[in-house]
Amino acid sequence: MRGGPMGDVLRVGGLVVVMTAIGCIPSRGNKVGAFCSGDQDCENGVCYNNICLDPDGDEDQDGLKNGVEMALGTDPMSADSDGDGRADNLEVVDVNQPVDGDGDGIIDAVESSLPSADQDGDCLPDEFDPDNLVYTTDMSLLASVFCLNQGICAEQVDRIGALCTAGIVSCDYSDVVGFEEQETTCDGKDNDCDGDTDEDITSTEKGICFDLGVCGAAGAVIPRQCVGGKWVCQYSGVKDWEAQETRLDGLDNDCDGETDEGLAGLPCESTNANGTCKGKTKYESGGVVCTAPEPAPEVCDDIDNDCNGVTDEDLSSTTQGECSDKGVCGDAGVVITRHCESGTWVCEYQDVPGYEVIEASCDGLDNNCDGATDEMLVGAPCDLTNEYGTCPGATKCDGLGGTMCVGDAAAPETCDLLDNDCDGATDEDLEGLQCVNTNQWGSCPGLSTCDGVELKCVGETASREICDGQDNDCDGGTDEDEICLKTARVAGLVKDGLTQDAIVGAVVTVLADTGGSKSAVSPAAEELTDGTGAFKAYLKPGGYTINVDADGFRPVSTQAFLLEDADVMPLVVVMVPQTDPTEFINVCGRTRVGAASTGGAPIPGASVTLYGDAIGNALASDTSGPGGFYCIPGVASSGAGGTPFTSVALEAKTSGFLPGKAEDVPIVPDTILIVNLAVQPMPADAETLLDEDFEAGSGGWTVESSQTDVGWNLTMNGDHPNTAVGKCVWSPAANEDCAPVPDDPTDECAMCAQPTDPACIPQTGSLPNAYSGDGAFWFGNPDGGNYLPTDGDCVPLNGGTGGPVSGSLVSPPVSVKGFTGIFLSFYSAFEIESQDPQAPPGGFDWMLIEITVDGGSHWDQVGYLNPDVDANGAAYQPYSSAGFNAAPVWVNQSYDLKLWVGAESIQVRFRFDSKDENYNAFRGWMIDKVEIVGFGKS
């Protein structure tokens with residue numbers, strides 16, 4: 001650099017820059033760091049990105065002054081102007097002759113070496129490309145930049161092929177003589193061109209390595225390592241190898257053909273204050289040692305410890321040592337002397353008071369000091385004999401130094417699978433003895449038998465007297481107490497309404513209804529409930545009331561009811577503890593054709609639905625049994641929001657009949673309401689317009705679902721279990737975990753007696769069988785037996801969480817033209833959540849019945865099956881067509897479609913909508929036996 005009148009001259013390549021000394025020109029104005037629009041605005045003459053810089057400063061700390069970087073064309077504000085990871089000063093090197101590796105006139109500091117800096121797409125970054133805008137055909141440039149260039153590749157660089165394909169460089173070393181992708185040849189060359197020579201080349205062939213001694217032993221492997229182009233034997237891995245023999249082990253450790261040379265067999269001795277012992281040298285613990293033992297004081301071990309030629313001399317002791325300290329040998333003040341014989345201490349017990357070599361005195365002492373007391377004297381076999389027989393015993397001390405026999409004495413034989421009299425036989429002479437069977441009905445004779453647990457009396461068992469010409473109660477009389485006149489019966493069940501437990505021992509009093517005061521009327525029957533809470537009362541045809549009393553419970557009475565000849569009336573009595581204010585609605589009665597009180601034949605199989613205050617949302621349902629009797633017990637007496645009902649309404653429905661209703665029935669506390677219902681036959685001109693029980697398939701019905709895995713499915717009878725039962729939900733155990741009792745009106749079991757029984761549940765938690773035939777439609781998920789999506793969350797007792805689900809089952813069009821009356825009837829069974837299941841617009845798990853007259857453009861609501869009450873159950877408890885926490889039952893639903901009289905045709909839609917994702921692991925909604933009847937056709 002040479003100074004002049006104008007300042008310093010800096011030559012950069014072919015560029016000459018005049019740097020004027022600041023003190024030689026007048027100030028231009030702006031200071032360092034101020035705003036500028038050109039060099040003329042700065043007092044130092046350097047303007048960069050509208051900021052005045054100090055030409056002698058180094059803003060980016062890369063070792064190049066700002067003025068120099070402005071002259072070079074690098075960025076004074078960035079230490080790596082071309083962004084290729086190398087600082088500008090490392091790429092410039094010499095500011096007077098900055099590096100231009102490719103000779104294109106652009107210095108390396110502003111040309112990037114990154115693969116992305118490839119303007120002409122020839123894979124050669126601009127820093128290495130002599131012409132950045134012309135595709136380079138000289139692939140040797142690619143090889144010099146991207147391919148391996150050390151070792152033999154540096155010597156044969158002209159043999160390396162390179163190819164640019166779609167911006168990616170591939171190198172070809174196939175013409176490089178001696179090239180190896182991984183070093184395998186021990187030749188002192190860098191064959192894989194990575195800068196390392198002969199790395200990691202080994203061999204297990206013996207070659208020039210020693211094969212004598214341990215080096216030639218079976219299994220010995222001597223690896224060879226390539227070092228400096230030559231193989232070097234690695235003996236260190238050979239078992240027992242030593243470069244020079246150092247241990248006495250009978251081996252040729254240094255593989256020279258000689259074993260343990262110069263190490264063993266020389267005389268030596270060990271001396272100390274106790275004596276001198278002799279031995280020979282041997283190899284041990286890293287060197288040659290003397291095998292002579294260390295002289296030691298004499299001990300009792302049959303060894304000459306002090307090497308004086310005598311063994312165990314002069315040894316005796318009064319120290320207990322190995323002598324017993326048990327029994328009499330351990331008594332206070334006892335001292336036992338011992339002496340050494342042939343390496344063993346011999347204890348002198350003969351002077352110990354009470355000592356016996358063999359126990360002879362039965363005195364509760366351990367006389368032979370062996371830890372056992374009176375052995376062979378106590379526990380010896382002996383016999384015990386009395387008037388019943390002889391039994392084995394064992395001896396024990398009698399307290400006088402002698403022994404006595406003790407054990408179980410013979411006793412009279414009893415039924416217990418034991419030989420009580422010790423005669424070798426068990427439970428003998430107990431069978432066939434005369435005995436009496438006694439129960440609440442009487443006593444009957446029998447013969448004894450033993451089952452190994454108890455002695456039983458086998459024979460007739462007294463039973464309630466019935467009209468059969470037999471002495472059922474074994475009292476000598478036949479058909480007494482006017483039993484043949486008692487042709488009617490009440491079969492009842494009494495239980496705790498809060499726990500559902502049976503109440504045992506409740507007093508059931510049946511009073512004849514005379515129409516006047518009952519206090520003077522003698523009971524027609526009085527019964528006690530058995531272990532299952534059940535009772536039966538046989539009665540003459542007539543009118544009656546029943547009172548039920550049980551300790552700790554509020555009494556319950558029935559309203560008057562009438563029994564006819566051969567009637568069997570079921571009665572479920574729900575009682576509440578005296579201290580509990582809970583009130584339940586209890587309704588029983590029967591269904592008939594015609595008038596409720598004097599009508600015609602009873603109607604079995606009718607669906608009876610209980611409503612609060614008025615017909616609207618169902619509270620619970622039952623199906624009338626033989627004789628048309630039904631019973632709906634233990635229903636909550638308050639509606640949604642906790643408002644108590646003041647009355648109830650009931651409706652009986654069955655296929656082929658118009659519904660029978662009873663409304664504004666007052667609720668009486670602790671009373672079973674007796675409400676009889678009558679259904680009326682359809683008009684004589686009634687025509688069946690639709691009768692679908694899905695036995696022949698879907699029959700033109702269509703389904704719509706918001707999900708792919710949950711929706712309406714045509715299902716056939718069989719075991720369709722809810723896989724969520726016992727996990728996130730629980731089935732009601734009261735009427736599913738049970739065995740059906742045939743022809744018992746009190747039986748509340750929902751299970752099937754046979755798996756093919758219609759309208760019942762084949763297995764706990766499964767779907768009910770179809771109401772009619774084998775087929776029915778069901779809304780749910782076939783993979784789970786519920787309406788929880790397949791990927792739903794079923795954790796213990798959470799009721800099941802998944803996405804909201806909904807879907808519709810739509811009938812084909814049904815022509816109703818010209819009819820003045822239209823009636824819809826179908827059978828339904830459902831199980832949904834019990835938390836907020838109430839009717840729309842509130843609640844969840846909606847079950848809607850809708851009608852359209854325009855092909856589905858608009859739907860009108862006919863009704864819904866959700867209850868009026870919020871059962872407020874737990875997440876895992878259901879609400880079903882039978883009520884809270886009960887198994888689903890089939891219920892007939894009927895609707896008068898008078899609002900649609902005059903239409904050409906109608907379609908029915910059953911729509912389910914969970915409304916949210918919570919508590920969806922229940923069994924869902926089933927539909928069967930759908931009928932539409934028209935009458936009064938003009």
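In strand β33, T623 is the bridge partner of S607. This pairing belongs to a set of 5 bridges that join β32 (residues 607-612) to β33, the two running antiparallel. Strands here are DSSP runs of E with at least two residues, numbered from the N terminus, and two strands count as paired if DSSP finds at least two bridges between them. The model is a predicted one, in which local features need pLDDT of at least 70, side-chain atom pairs count only at pLDDT 80 or more, and totals for chains, interfaces and linings use all residues. Residues are numbered from 1 along each chain as its sequence is written, and side-chain values use heavy atoms, with hydrogens and water left out.

Stepping back to the sheet, 4 strands form an open, antiparallel arrangement in the order β33-β32-β35-β37. The edges are taken by β33 (618-623) and β37 (660-666), each with a single partner strand, so one side of each has no neighbour in the sheet.

Strands β21 (residues 442-450) and β22 (residues 455-459) run antiparallel and are joined by 5 bridges, with T449 opposite K456 in β22. Between the strands of this hairpin are 4 residues, and G452 takes a positive phi near 90 degrees.

Finally, C369 sits in the loop between β16 (344-348) and β17 (381-386). C369 is buried, at a relative accessible area of 7%; buried means under 20%, exposed over 50% and partly exposed in between, with a 1.4 Å probe and protein chains only. Leaving aside residues up to four places away in sequence, C369 touches S324, K326, V328, C329 and Y355, contact being heavy atoms within 4.5 Å.
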